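Let's take a walk through this fold together, strand by strand. Have the sequence and the model side by side as you read.

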Amino acid sequence: MKKFIPLLITSLLACWSCELKDTYTQTNVRDMVNVEKGVLFNDYGYVLNPVEDAVGADKWKIEGARFYAIYDILNRDLDIRLKEVYRSQFVEAEELEDPEELSKDPLELDVQGISGGYINLGLVFTRLKKSNNAHVINFYYQMENNTLNLYAEHLGFNEDPLHEDEDDLVTEERIFSISTKDLPTFTGLTLVLNVIAKESDEYVIKQENYRLY
């Protein structure tokens with residue numbers, strides 16, 4: 001691989017954690033939203049009204065769907081300009097006995113947050129442009145001193161971005177929502193990933209721990 005530029009870790013942002021003061025407007029809000037009975041609402045119970053929709057209702061008005069959305073708040077009535085949506089997959093994490101048995105294929109963390117009873121993650125991997133592989137991502141957990149160590153396993157099926165030409169590679173991102181009610185009670189949360197890192201002018205795959213909570 002000629003070079004690798006890691007993505008910046010971006011916290012899951014929402015305007016609801018701060019006051020909107022006098023303007024009631026905010027741009028580029030990043031939020032987890034749900035669709036129920038044709039209505040778009042976020043994890044804090046606010047109904048959002050897309051009066052300007054660059055996505056198209058046929059793309060997001062899917063009953064029971066959950067999305068990572070980017071939008072502008074236009075007024076105090078929560079009329080919004082919906083700019084982008086990325087559908088989140090509902091997944092479960094299984095208890096893990098031996099982390100050494102997991103695949104060492106790399107991932108990158110792009111989006112992270114806890115809201116609405118879910119751990120929300122945006123994970124990125126690099127694959128061959130002409131690949132037919134599905135690239136599966138599985139989740140496992142271990143408890144340690146009230147901290148939940150969450151492992152994301154990437155099955156790249158022998159695709160090795162470290163030894164490929166950059167022109168033959170493309171990145172892909174997936175959003176996941178893991179219900180906290182299906183997990184043991186925790187007071188701390190750590191995400192464990194295998195990532196591509198540069199050491200002594202060489203690209204290597206190493207384990208990285210991200211404290212999320």
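Predicted model: local features only at pLDDT ≥ 70, side-chain atom pairs only at ≥ 80, totals over all residues.

Two strands count as paired here if DSSP finds at least two bridges between them. With that in mind, look at Glu144, which stands opposite Thr147 in β11. Together they form a hairpin with 2 residues between them, and Asn145 in the turn has a positive phi of about 50°.

Strand β7 (residues 93-95) runs parallel to β10 and is joined to it by 3 bridges, with Glu94 opposite Tyr140.

Now turn to the interior. In soluble globular proteins, nonpolar side chains tend to be buried together. The largest nonpolar core here has 24 residues, and those touching the most other members are Leu121, Leu123, Phe139, Leu150, Ile178, Leu191 and Leu193. At least two residues of this core come from each of β9 (118-128), β10 (136-144), β11 (147-155), β12 (169-179) and β13 (188-199). A second, separate core holds 16 residues, among them Val29, Val33, Leu48 and Trp60.

Asn28, in strand β2 (residues 26-36), has a positive phi of about 55° without being a glycine, and is partly exposed at 36% relative accessible area. Lys37, in the loop between β2 and β3 (39-42), also has a positive phi of about 55°; this lysine counts as exposed, at 73% relative accessibility.

Terms used. Residues numbered from 1 in each chain as written. Heavy atoms only, no water. Core = buried A, V, L, I, M, F, W, Y, C linked by side-chain atoms within 4.5 Å. Buried < 20%, exposed > 50% of the residue type's maximum accessible area, 1.4 Å probe, protein only. Helix = DSSP H or I, 4+ residues; strand = E, 2+ residues; numbered from the N terminus.
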